[in-house]
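Please read the points with the model open alongside.

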Amino acid sequence: MSSNAVEHDTVASRQPLKVALDDQIKRCRRCDGLNIDGVTASAPGYGCLTSPVALVGQSLCEKCMETQIPFTEGSGDLIDEAIALAGHGKKNLFISNVVHCHPPKNRASHQHEIVNCSPFLHRELEIVRPRLVITLGRDAERVMRFFFPRARASEPPFEPPRGRLPKGVPYIFNVKHPSWIQRQHDSELEAGYMANLAAAIRWSFDRARGDSRG
């Protein structure tokens, strides 16, 4: 069987699980005031279910309610540029949030909201099984540490990990949220941020290609 056929079979086996999970996310009413259409609506994780990298943010932005794609415009422009710099499109990666809903007025997520929603994220990552998770912000970093206590983690600048990585857990790359980067109004900081994200993304895809050849 060709590698393309194997990948298709893998996507086909994961798709029903993701569809069912997406439906649960859209129907969730665990948090008062959240997941209200057009006000605090949710969006499930977006992208390729066999992506070797997952980007995890904090919560859904207002614009993302309409597109149903995390990191749409705004601070997501930095993410889009970094992905393009790595030679990929957004649909080639998997992108989600710790809290899948849009908190009112873009406020920080409450702890109970993170606790209520994190099982959805965990199940998404179980479906995708990325080799690398890039956390975008403190909430995502804390949740990944809880999900994968054995995982190796690093901060910028990105350098490919050395030695053998723990089996069954992704490598974690912790970076600041792109909205914080934008608020600094520093073009060099933005360029360095995007370069680090691009380097991490390229590494994950290169490693995936190497594993498939092996």
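Predicted model: local features only at pLDDT ≥ 70, side-chain atom pairs only at ≥ 80, totals over all residues.

**Notes on the model**

1. Ring pairs join F158, Y171, F173 and W203 into a cluster. Rings of Phe, Tyr and Trp (its six-membered ring) pair if their centres lie within 6.5 Å; planes under 30 degrees apart count as stacked, over 60 as edge-to-face and the rest as tilted.

2. Residues are numbered from 1 along each chain as its sequence is written, and side-chain values use heavy atoms, with hydrogens and water left out.

3. How many aromatic pairs does a search of the whole structure find? The search gives 5. In one of them, F147 with F148, the ring centres are 6.1 Å apart and the planes stand at 85 degrees, so the pair is edge-to-face. Both F147 and F148 are buried; the word means under 20% relative accessible area, with exposed over 50% and partly exposed in between (1.4 Å probe, protein chains only).

4. Another pair is made by F158 and F173, with centres 5.1 Å apart and planes at 75 degrees, so this pair is edge-to-face. The pair connects distant parts of the chain, 15 residues apart: F158 is in the loop between β5 (153–154) and β6 (171–175), and F173 is in strand β6. Helices (H or I, at least four residues) and strands (E, at least two) are DSSP runs, numbered from the N terminus. F158 and F173 are both buried.

5. A ring also takes part in a contact with a charge. The charged end of K176 sits over the ring of W180, at 4.6 Å from its centre. The rule asks for NZ of Lys or CZ of Arg within 6 Å of the ring centre and within 35 degrees of the ring normal.

6. Is strand β3 (residues 94–99) buried or exposed? Of its 6 residues, 6 are buried, so the strand is largely enclosed by the rest of the structure. Strand β3 pairs with β1 (residues 46–47) in the antiparallel sense over 2 bridges, and here G47 stands opposite F94. Strand β2 (residues 53–59) and β3 run parallel and are joined by 5 bridges; V56 has S96 in β3 as its bridge partner. Two strands pair if DSSP finds at least two bridges between them.

7. The disulfide is formed by C61 and C64, whose sulfur atoms are 2.3 Å apart. The torsion about their S-S bond is about 80 degrees, so the disulfide is right-handed. C61 is partly exposed at 23% relative accessible area, whereas C64 is buried at 1%.

8. Which cysteine sulfur is nearest to that of C101, a residue in no disulfide? The sulfur of C117 is the nearest, 6.0 Å away. C117 is likewise in no disulfide, and its nearest cysteine sulfur is that of C101. Relative accessibility is 10% for C101, which counts as buried, and 9% for C117, which counts as buried too.

9. The count of salt bridges comes to 8, the rule being a side-chain nitrogen of Lys or Arg within 4 Å of a carboxyl oxygen of Asp or Glu. One of them joins R142 and D139 at 3.3 Å, N to O. Both residues lie in helix α5 (residues 138–147), 3 residues apart, about one turn of the helix. R142 is partly exposed, with a relative accessible area of 36%, while D139 is buried at 13%.

10. E141 counts as buried at 15% relative accessibility.

11. In helix α7 (residues 187–213), D206 and R209 are 3 residues apart, about one turn of the helix. Their side chains meet in a salt bridge of 2.2 Å, N to O. D206 is partly exposed with a relative accessible area of 42%, and R209 counts as partly exposed at 40%.

How values were computed. Disulfide = S-S within 2.5 Å.
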